[in-house]
Amino acid sequence: MAKPPQSVSPFPTSINRDAFSNWLSGFADGEGCFCLYLRASSRSERWGLSAYFSIGLRADDDDILRSIQSFLGCGAIHDSHCNSYGTQRKPARVFTVE
């Protein structure tokens, strides 16, 4: 069963969109990850190409991820307690667009 989509708050009118987009491009360059990967279909022997964008930050930086989600108008934010090697780490939050 698929998870229901998260509601995305509107971007605050008090923040300049042009300035935020400039900040976001630099922030994503340093903290973001764009990935392409092949995955097998569960219903056939066919392979498909998937893509996603993510930014992972400490859990106490959740407001930053919510601002990015609001600006882009899409994506999901979830908890992450393991690094890419599967070992435990301090609580983190991850914003993803698939």
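**Aromatic pairs in close-up**

**View 1. Trp23 and Phe27 along helix α1.** In this predicted model, Trp23 and Phe27 both belong to helix α1 (residues 17–31), and because they are 4 residues apart there, about one helical turn separates them. Trp23 has a relative accessibility of 38% and therefore counts as partly exposed, whereas Phe27, at 17%, falls under the 20% cut-off and counts as buried.

**View 2. The tilted pair of Phe34 and Phe53.** The ring centres of Phe34 and Phe53 lie 4.5 Å apart and their planes meet at 40 degrees, so this pair is classed as tilted. Phe34 sits in strand β1 (residues 32–40) and Phe53 in strand β2 (residues 47–58), so that the pair, with its members 19 residues apart, links distant parts of the chain.

View 3. The structure holds 7 aromatic pairs. One of them is formed by Trp23 and Phe27, whose ring centres are 4.7 Å apart and whose planes stand at 20 degrees, an angle under the 30 degrees required, so the pair is stacked. Trp23 and Phe27 also take part in one aromatic cluster, which they form together with Phe11, Phe20 and Phe71.

Notes:
Residues numbered from 1 in each chain as written. Predicted model: local features only at pLDDT ≥ 70, side-chain atom pairs only at ≥ 80, totals over all residues. Heavy atoms only, no water. Phe/Tyr/Trp six-rings, centres within 6.5 Å; stacked < 30°, edge-to-face > 60°. Helix = DSSP H or I, 4+ residues; strand = E, 2+ residues; numbered from the N terminus. Buried < 20%, exposed > 50% of the residue type's maximum accessible area, 1.4 Å probe, protein only.
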